[in-house]
Amino acid sequence: MKKIEAIIRKTKFEEVKETLLDVGIEWFSYCEVRGIGKSRQDRIYRGVMYGTDIIERLMLTIVVRNVNVEKTVQAILLSAQTGEVGDGRIFVSPIDDSYRIRTGERGDISLYNPTDEELIDLATKDAKSEEVKKEDKVKVKL
């Protein structure tokens with residue numbers, strides 16, 4: 001699992017959101033952030049224009065399974081890019097574990113809602129691992 005943090009322009013948020021939904025990323029959080037960088041913004045307050053070095057952006061936080069990292073990063077890169085200074089940054093870092101609070105599910109399965117087919121596969125794997133554990137216990141007793 002990986003955590004992707006992307007700092008993007010506020011004006012590109014809707015486009016990035018739609019692109020992420022199109023590639024199957026159905027959940028992420030975002031918040032307004034401020035930073036200092038090379039890009040400068042002018043603000044108008046009561047008819048007077050002020051220059052500022054504080055840049056307002058949005059930060060998206062997305063935790064994805066390893067198989068979805070590249071498509072998520074590419075979706076953000078393609079939809080957030082304007083080609084100008086101040087387009088933002090993307091950071092990818094490892095996540096050790098995740099839990100779904102409602103069900104107590106742990107790991108990759110806690111990040112998405114599996115299809116019925118995937119649930120059958122998971123149940124089969126769990127049953128096989130239980131059989132192996134039972135066989136190991138029997139071998140130890142002998």
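The structure is a predicted model, in which local features need pLDDT of at least 70 and side-chain atom pairs count only at pLDDT 80 or more, while totals for chains, interfaces and linings use all residues. Residues are numbered from 1 along each chain as its sequence is written, and side-chain values use heavy atoms, with hydrogens and water left out.

The protein chain contains three helices and four strands. Helices (H or I, at least four residues) and strands (E, at least two) are DSSP runs, numbered from the N terminus. Along the sequence, these elements follow the pattern β-α-β-β-α-β-α. The chain has 142 residues, of which 26% count as buried; buried means under 20% relative accessible area, exposed means over 50%, and partly exposed lies in between (1.4 Å probe, protein chains only). The accessible surface of the protein chain comes to about 10,500 Å², and 53% of this surface belongs to carbon and sulfur atoms. Such areas come from the Shrake-Rupley method with a 1.4 Å probe; for residues, only the protein chains shown count as cover. Among contacts (heavy atoms within 4.5 Å) between residues at least 6 apart in sequence, 66% join residues at least 24 apart.

Helix α1 (residues 13-22) and helix α2 (residues 69-80) have axes that come within 9 Å and cross at roughly 150°. Axes are lines fitted to C-alpha atoms, for helices over the stretch in contact, and angles run from 0 to 180 degrees between N-to-C directions. The two helices α1 and α2 are therefore roughly antiparallel to each other, a term for angles over 145 degrees, whereas those under 35 count as roughly parallel, 65 to 115 as roughly perpendicular and the rest as oblique. From α1, the contact involves Glu15, Val16, Thr19 and Leu20, and from α2 it involves Thr72, Ala75, Ile76, Ser79 and Ala80. These residues divide into five nonpolar, three polar and one charged. Here Ala, Val, Leu, Ile, Met, Phe, Trp, Tyr, Cys and Pro count as nonpolar, Asp, Glu, Lys and Arg as charged, and the others, Gly among them, as polar.

Val16 counts as buried because its relative accessibility is 1%. Residues up to four places away in sequence aside, Val16 touches Ile8, Leu60, Ile76, Ser79 and Ala80. Val16 and Gln81 are 65 residues apart in sequence, and their C-alpha atoms are 9.7 Å apart in space. Thr72, found in helix α2, is buried, with a relative accessible area of 0%. With residues up to four places away in sequence not counted, Thr72 touches Ile4, Leu20, Ile25, Ile62 and Val64. Leu21 in helix α1 has 41% relative accessibility and so counts as partly exposed. The C-alpha atoms of Leu21 and Ala75 are separated by 9.6 Å, although the two residues are 54 residues apart along the chain.

Two arginines complete the description. Arg9 is found in the loop between β1 (2-8) and α1, and counts as buried at 14% relative accessibility. Leaving aside neighbours within four places in sequence, Arg9 is in contact with Arg57, Thr82, Glu84, Val85, Gly86 and Asp87. Arg57 has its place in strand β3 (residues 48-64) and, at 7% relative accessibility, also counts as buried. Arg57 and Ile8 are 49 residues apart in sequence and 5.7 Å apart in space, C-alpha to C-alpha.
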